[in-house]
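The sequence and the coordinates are shown first, and the description follows.

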Amino acid sequence: MTEYTDRYMDALRLKGDPLADATVEALFGTGEVGRYNTLMRWFTTSGQALPEGLPDAARDYLHATATPPDWIDWGVMEQARQFFLDNDVHVSTALSFAAMPACYVVPHVAKLLSATHSLAYPSRRMAETGQFTVYLMQPDAFQAGGRFLPAAQKVRLLHASIRRHLKEEGRWPEPVAICQEDMLGGLMMFSIQVLDALHRMGVHITAEGADAYYYAWRVVGTILGIDLGTIPPDLPAAREFSDRYMVRHMGPSPEGAHLTRQLIDMYEQVVPGTLLDPIVPALIRYLVGDTSADWLQVPRTRFDSLIGLAPALLGALEWVEDRGPWAEYISDRLGHLVTMLELSSLTRGRVMHYAIPQELKSDFGVPSKNARWTPPGPAL
């Protein structure tokens with residue numbers, strides 16, 4: 001069994017994603033990023049013919065990553081899909097109010113997210129994550145017509161482009177941005193830390209369901225360029241890695257607090273009216289704990305003491321579901337509807353294309369060498 005020592009973790013910080021990194025370097029080197037982004041907007045499903053005129057580097061990469069790993073157990077993947085269908089609202093809640101704040105409580109991750117996402121559209125992070133997860137859990141995710149694999153291929157190049165930008169500008173203190181350790185850390189936040197949040201909310205989870213959900217994210221990690229040999233093989237190992245990663249890196253930061261404020265404001269806008277607005281920070285504080293919540297400057301509200309009733313309320317809902325197949329069906333359909341409505345609110349009806357950014361946000365200390373030209377002012 002792998003021991004997650006500092007030496008082992010430090011070695012992971014030096015590694016990126018060679019295949020994706022080489023592809024992005026070629027696209028920037030030939031000035032073909034814009035053409036790639038334009039053509040790839042229309043490439044959305046597995047089995048679809050690649051667009052004519054696609055740069056050779058991108059075409060080679062897409063062919064090399066077009067199929068899922070051959071070691072996948074499809075029976076376990078179906079169990080994971082059923083787990084998500086049974087718990088889609090709960091999983092979405094855990095992703096929004098536990099996994100994302102967990103990202104923000106790691107200072108260098110919060111800084112990276114701040115540098116690579118538009119402040120004018122803060123829901124983009126949640127929209128991209130939500131859409132990606134919905135694509136993953138569709139019955140045809142890995143089949144012809146499925147949307148997951150093309151989205152994963154694009155996300156992998158998106159990560160590689162961010163690594164290149166930060167290295168090119170010399171503004172990143174670490175040797176590699178979005179390194180293997182951080183990709184694994186993110187995988188833990190969206191897998192075992194989501195399961196932790198479900199448990200804290202009082203959601204009944206079977207051991208088989210939890211194992212299948214984590215297995216699905218191991219598959220995702222491999223598809224996104226994480227070395228399979230470094231991905232914890234099971235939930236006990238994932239717990240050890242997750243704890244080690246958080247102890248190594250978690251702490252307060254201005255960027256983490258700012259991103260959390262954005263998250264709270266965004267969901268307060270999604271929920272109609274203002275009466276229930278305090279629930280959002282109360283739920284974050286309940287799921288991440290007081291220490292992390294204080295680091296993220298999550299405000300205390302009158303709902304802090306009431307949010308502990310959530311497990312009892314969810315227990316009542318599960319009791320209703322157990323009344324018969326009809327009740328379970330209605331509950332699942334309502335849950336799916338709520339999830340899709342939330343995703344629609346976050347995306348504002350748009351499809352996330354996971355394009356390669358040609359520059360990063362200059363107001364977070366990452367200037368662009370190719371800033372857009374603007375006409376000079378009128379002569380006096």
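## Ring pairs and their surroundings

Phe241 is buried, with a relative accessibility of 0%. The structure is a predicted model, and a search through the whole of it finds ten aromatic pairs. In one of them, the ring centres of Tyr4 and Phe241 are 5.2 Å apart and the planes stand at 90°, so the pair is edge-to-face. Tyr4 belongs to the segment before H1 and Phe241 to helix H13, so this pair ties together parts that are 237 residues apart in sequence. Tyr4 is itself buried, with a relative accessible area of 7%. Ring pairs also link Tyr4, Tyr8, Phe241 and Tyr245 into a cluster.

Another of the pairs brings together Trp74 and Phe142; their ring centres are 5.3 Å apart and their planes lie at 65°, so this pair is edge-to-face. Trp74 lies in helix H5 (residues 74–86), while Phe142 lies in the loop between helix H8 (123–136) and H9, so the pair ties together parts that are 68 residues apart in sequence. Trp74 counts as partly exposed at 44% relative accessibility, whereas Phe142, at 15%, counts as buried.

## Overall architecture

The protein contains 18 helices and zero strands. Of its 380 residues, 53% are buried. Among contacts between residues at least 6 apart in sequence, 77% join residues at least 24 apart. The protein exposes about 18,100 Å², of which carbon and sulfur atoms supply 58%.

A search of the whole structure finds zero disulfides.

## Nonpolar cores

In soluble globular proteins, nonpolar side chains tend to be buried together. The largest nonpolar core here has 91 residues, and Phe132, Phe142, Phe148 and Leu198 touch the most other members. Leaving aside residues up to four places away in sequence, Phe142 touches Pro68, Trp74, Met77, Leu136, Phe148, Leu149, Val219 and Ile223. A second, separate core has 17 residues, including Phe28, Leu39, Tyr61 and Leu157.

## Salt bridges

Side chains of opposite charge can pair when their charged atoms come close. The structure has 18 salt bridges, and the table gives three of them.

| Salt bridge | N to O distance |
|---|---|
| Glu174 and Arg13 | 3.3 Å |
| Arg239 and Asp243 | 3.5 Å |
| Asp290 and Arg285 | 3.1 Å |

Elsewhere, salt bridges that share partners join Asp6, Asp10, Arg13, Glu174, Glu181, Asp182, Arg244 and Arg248 into one network.

The side chains of Glu174 and Arg13 meet in a salt bridge. Glu174 is in the loop between helix H9 (148–169) and H10, and Arg13 is in the loop between helix H1 (6–12) and helix H2 (18–29), so the pair ties together parts that are 161 residues apart in sequence. Glu174 is partly exposed, with a relative accessible area of 29%, whereas Arg13 counts as buried at 6% relative accessibility.

Arg239 and Asp243 both lie in helix H13, four residues apart, about one turn of the helix. An α-helix has 3.6 residues a turn, so residues three or four places apart point the same way. Arg239 is partly exposed, with a relative accessible area of 28%, and Asp243 is partly exposed as well, with 37%.

## The end of helix H13

His249 lies in helix H13 (residues 235–249) and counts as buried at 16% relative accessibility. Which residues does His249 touch, not counting residues up to four places away in sequence? The contacts are Arg13, Val105, Val106, Pro107, His108 and Glu181. The C-alpha atoms of His249 and Val109 are separated by 9.3 Å, although these residues are 140 residues apart along the chain.

How values were computed
Residues are numbered from 1 along each chain as its sequence is written. This is a predicted model: local features need pLDDT of at least 70, side-chain atom pairs count only at pLDDT 80 or more; totals for chains, interfaces and linings use all residues. Side-chain values use heavy atoms; hydrogens and water are left out. A disulfide is a pair of cysteine sulfur atoms within 2.5 Å. Helices (H or I, at least four residues) and strands (E, at least two) are DSSP runs, numbered from the N terminus. Buried means under 20% relative accessible area, exposed over 50%, partly exposed in between (1.4 Å probe, protein chains only). Contact means heavy atoms within 4.5 Å. Accessible areas come from the Shrake-Rupley method with a 1.4 Å probe; for residues, only the protein chains shown count as cover. A salt bridge is a side-chain nitrogen of Lys or Arg within 4 Å of a carboxyl oxygen of Asp or Glu. A nonpolar core is a set of buried Ala, Val, Leu, Ile, Met, Phe, Trp, Tyr and Cys residues joined through side-chain atoms within 4.5 Å. Rings of Phe, Tyr and Trp (its six-membered ring) pair if their centres lie within 6.5 Å; planes under 30 degrees apart count as stacked, over 60 as edge-to-face and the rest as tilted.
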